[in-house]
Amino acid sequence: VRAFWCAMLSRNQSLAGASLRSLYKRLCFSAPSIQKRDYFEFFTNRERYLRNWTSNQKLIDWVDRQIKLCDPDKLHLCDGSEAEYQEILNNMVQAGTLIPLNPEKRPNSYLARSDKGDVARVEERTYICSESESDAGPTNNWMDPDKMNVTLDKLFRGSMRGRTLYVVPFSMGPVGSPLSYIGVQITDSPYVVASMRTMTRMGSSVLEALDDKEFVHCLHSVGKPLSRGEEDSTWPCNPDNKYIVHFPEQRSIVSYGSGYGGNALLGKKCFALRIASAIARDEGWLAEHMLILGITNPQGEKKYFCAAFPSACGKTNLAMLLPKIPGWKVECVGDDIAWMKFGEDGRLYAINPEAGFFGVAPGTSYDSNPNAMETISKNTIFTNVALTPDGDVWWEGKTSEQPPKLKNWLRRDWYPDCGEDAAHPNSRFTVPAAQCPVIDSNWESKTGVPISGIIFGGRRSSVVPLVYQSFDWAHGTYVGATMNSETTAAASGKRGVLRPDPFAMKPFLGYHVGDHFNHWLNIGKNAPDASKLPQIFHVNWFRKSTSGKFLWPGFGENTRVLKWIFERCDHKHTSAIKTPIGYVPDLNDFDLSGLDVSNETMKELLRVDENDWLADFGRHKEFFNTLGGKLPEGITKQMDEQHKRLTEAKAKHH
């Protein structure tokens, strides 16, 4: 601007024109219907440009307010096209954010390396700002919404200076499905834009479906504005000042300071679980941290199941399972989140609201999950894995032998026994779900798939048997409410600590956990036909021997557990033994053909020890005591009945 006015004052029109062209390049504007524009005209006629993009006046007003607040240098209204996606990827390569991988080994794939302080969800900086503190509950951080808005307003004022403000319209669930909901995310991170295109249905088709309806407001900034001439980081973030904030009543999300997926891809945990769980409570459906898979037996009968596991506990491996029993087939609808509503026939139907997989890389291999390995063979963004000398990626557990030399996720030379991880334990891959070789033919069905069973599971080295079935829906709700699991690398903090994780939703509930228990009980009470409710089960692949070794081989052998669950849904084909905690398999009717596991080991895997469970019962009661008056009477009843069964069984054995 200074150069332009100096040229004008000196009547040097050639220099003035060059200055304007330079200014245009630095402050360009792109939109699907606008190829060129005058920068000054844009700021005086901003609403006209936005109207060329959408007719939704609430969206226009909201975007305009955020432009004024965040003060970006550029604006990009996303259309979701392949050309736009490739342009964003190319720009990130030029900026050093992405490293292109060897196209012969990994076509159209890239590696991103984050700041070492921005590698996982930050639960301690995640807030549920409900209007009443009691609505947030003991498992959430709460702040008064008015006070939080004052804090956020200060943080976001000028937060995008020197950057591009991207506007990303997206649909959680198939566009146009009655089970889907629409959000719009504003962000200054091209990494987020590229990832949102993979993880959601994003672009112009969503705007058409939105029309003039309501949408979830999602505002995000990496929190690193640039001064003039300041060199940018390859992974801009503000690691010491992060906020991931949810306003359930306003249906809005604000995230500041992090570029990591779980904190920055606001369609994922923030929308699809925290905000969606509050919407589901109000509207009478379920938004859960669950995979969805279809199982077909040798006779061609197919059933669909949802399964809830804490992060990094094998959800993706189970969703893409390669069966070890001949004639059985497993297909994937989704690996992380399920939205369930009652259909006209009285059954619960589920959709996967996501369009991609955001999976944990370490431990993924052709031995543990060959379908996942095929899925990520192309068109994938990897984050915080290691780089091989020939331009491919590697992580712990990918191969049986370690490479002699790598560049690790910290950009340092790595070699075996060097004392550092090659890949971060929470390193990730982001890939379109459609590439999965076992993707279910109904994975994008607008009506969803009918659910026959719900499976809960956690990482427990003792106490909990390989599999058991609840007595009914109310008891199944208690099974979900009393889930405990050992912590993993998916969240910041110490690993291997046993903590309550009810329904695998502890970090993801948008309201009081006691109200969530009550919501599940009400789903059962208000079901159009209680006989059509899904059967509820619990599994534990991680039980160990006294020497610390896993008792169950897991992975493809989990098909044997799924077969028992499949057949128990009919109560016809397989028998079970009643225990104080539910039904466990009768080994005479559990498929162990070709499996090298002794009867003694199987008995240990299925053992229900009353003393251990009574000790665990004390842990459940301690957690329930934190809920105060919000613990539903139905859960108290189930707790008392289970305690009575355990006490009676213990007395009988003695």
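**Labels and their cut-offs**

Q: Why is Phe-156 called buried?
A: Its relative accessibility is 1%, and buried means under 20% relative accessible area, exposed over 50%, partly exposed in between (1.4 Å probe, protein chains only). Phe-156 therefore counts as buried.

Q: How far can we read this model, and how is it numbered?
A: This is a predicted model, where local features need pLDDT of at least 70 and side-chain atom pairs count only at pLDDT 80 or more, while totals for chains, interfaces and linings use all residues. Residues are numbered from 1 along each chain as its sequence is written, and side-chain values use heavy atoms, leaving out hydrogens and water.

Q: What makes Cys-237 and Cys-270 buried or exposed?
A: Cys-237 has a relative accessible area of 5%, so it is buried. Cys-270, at 0% relative accessibility, counts as buried.

Q: What makes the pair of Tyr-127 and Tyr-243 stacked?
A: Rings of Phe, Tyr and Trp (its six-membered ring) pair if their centres lie within 6.5 Å; planes under 30 degrees apart count as stacked, over 60 as edge-to-face and the rest as tilted. Tyr-127 and Tyr-243 are 6.0 Å centre to centre with 20° between the planes, hence stacked.
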